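Please examine the sequence and the model shown below. The report that follows treats the overall dimensions, the strand pairing and selected side-chain features.

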Amino acid sequence: MTELGYVSVEGKKLRQGFTTGSCAAAAAKAAVLLYTNRVVPEHVDIDLPNGGSLRLSVKAGELTAKGAMCCVIKDGGDDPDITHGLEIWAEVLPSPAHEIIMQAGIGVGTVTKPGLQVPVGEPAINPVPRQMIEHSVREVLPPGGGATVIISVPAGTEAAKKTLNPKLGVIGGISILGTTGIVQPMSEEAFKASLIPQLVQAKGYGHQAIVLVPGRIGAKRAHETFGIPAEAVAEMSNFVGFMLMECVAHNINEVIIMGHISKLIKVAAGIFHTHNRVADARLETLAAHCALLGMPQADLQRLMQCVTVEGALAIVQESGLQAVYEILARQVSKRSTEHAYGQLKVGTVLLNMAGDILGIDPEAGFIAKKHGWQVKI
């Protein structure tokens, strides 16, 4: 029996948990046992993909018209997972046929776009969880028997709004995920890896150019305001350099970096991990470029006393130095191209908090025009 324990992540001891895939497999196995024995099991043991087994508690269960259903509570350990604490239900409807059929119940998404591990039209239950569910159910089904397994997550529809699922084309709820059955507390590397499917999907749609944005607000603005296909917009969070190199690895030729100036101005200074605890030279970078354009020292001092870049924009406006924004956009593109060793054509669009374009460099305009995107001042 595998015991969940603690792992060290960036110097801290964090508790392991178990995946939604493990929950679904355990709930499905418990449902078969309930149907067979007419008693809700207190716990069930499931086999893990990489060996060993895991014991999960069963919260509730009930007999249904043609089968039984049971619930397991998702425990993500100390991982910051939106699915932590959700009820994962499995209803099992036994049948004499040998086949195991998977269906999405309430709160489990359906795949509507290509490029993911699951075909379009199928429940968003990834391959490894599917294998775990089928294996767990077959362990307790009569030999030669089959079943329909319906996985539901009552709060899944709301939880999915806080994930990348809507953008990736998983509609109606969360995905049932997990490759090992155990949740390792989230590391930076794991978070970065979770961003890559966006590039895979973009390629699946045939896009050779994409737009990288810091977050969902930028993604929405890129799609709704500038007419960029949603599948061609990828969130990069703070990991600008990582996503640029992943674009190269996925044979994406052209990139527009689009986002609020306060985030992207860091890239102009050669900072490719933009979390404020890693580096923050926003106002210094803005002040340096404004100084090169002749901003008076008194205005530079005022600018440096601002709390945010957004607040400093008024000083730039007063000084009549809006030309600095195109210069900064060019610098972001230059630094990014250098970071990717010249293997990408990069353009940049700088936005203010309202989503208006402050500055755009020629390369961004060229890429946008080439692909029919309405990105222009």
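What does the accessible surface of the protein come to, and what share of it belongs to carbon and sulfur atoms? The accessible surface is about 16900 Å², and 54% of it belongs to carbon and sulfur atoms; areas come from the Shrake-Rupley method with a 1.4 Å probe, and for residues only the protein chains shown count as cover.

This is a predicted model, in which local features need pLDDT of at least 70 and side-chain atom pairs count only at pLDDT 80 or more, while totals for chains, interfaces and linings use all residues. Residues are numbered from 1 along each chain as its sequence is written, and side-chain values use heavy atoms, with hydrogens and water left out.

**Overall architecture**

The C-alpha trace spans about 85 × 45 × 35 Å along its principal axes. The protein has 14 helices and 20 strands, which are DSSP runs numbered from the N terminus (helices H or I, at least four residues; strands E, at least two). Of the 377 residues, 51% are buried, that is, under 20% relative accessible area with a 1.4 Å probe, protein chains only. Among contacts (heavy atoms within 4.5 Å) between residues at least 6 apart in sequence, 66% join residues at least 24 apart.

**Strand pairing**

Two strands pair if DSSP finds at least two bridges between them.

| Strand pair | Sense | Bridges |
|---|---|---|
| E16 (209-213) and E18 | parallel | four bridges |
| E18 and E19 (345-351) | parallel | seven bridges |
| E9 and E12 (146-152) | parallel | five bridges |

Strand E18 (residues 254-260) is mostly covered, with seven of its seven residues buried. Within E18, isoleucine 256 is the bridge partner of valine 211, while glutamate 254 has lysine 345 in E19 as its bridge partner.

Alanine 104 stands opposite isoleucine 151 in E12.

**Side-chain feature**

The charged end of arginine 38 sits over the ring of tyrosine 35, 5.3 Å from its centre; this term requires NZ of Lys or CZ of Arg within 6 Å of the ring centre and within 35 degrees of the ring normal.

Methods. Buried < 20%, exposed > 50% of the residue type's maximum accessible area, 1.4 Å probe, protein only.
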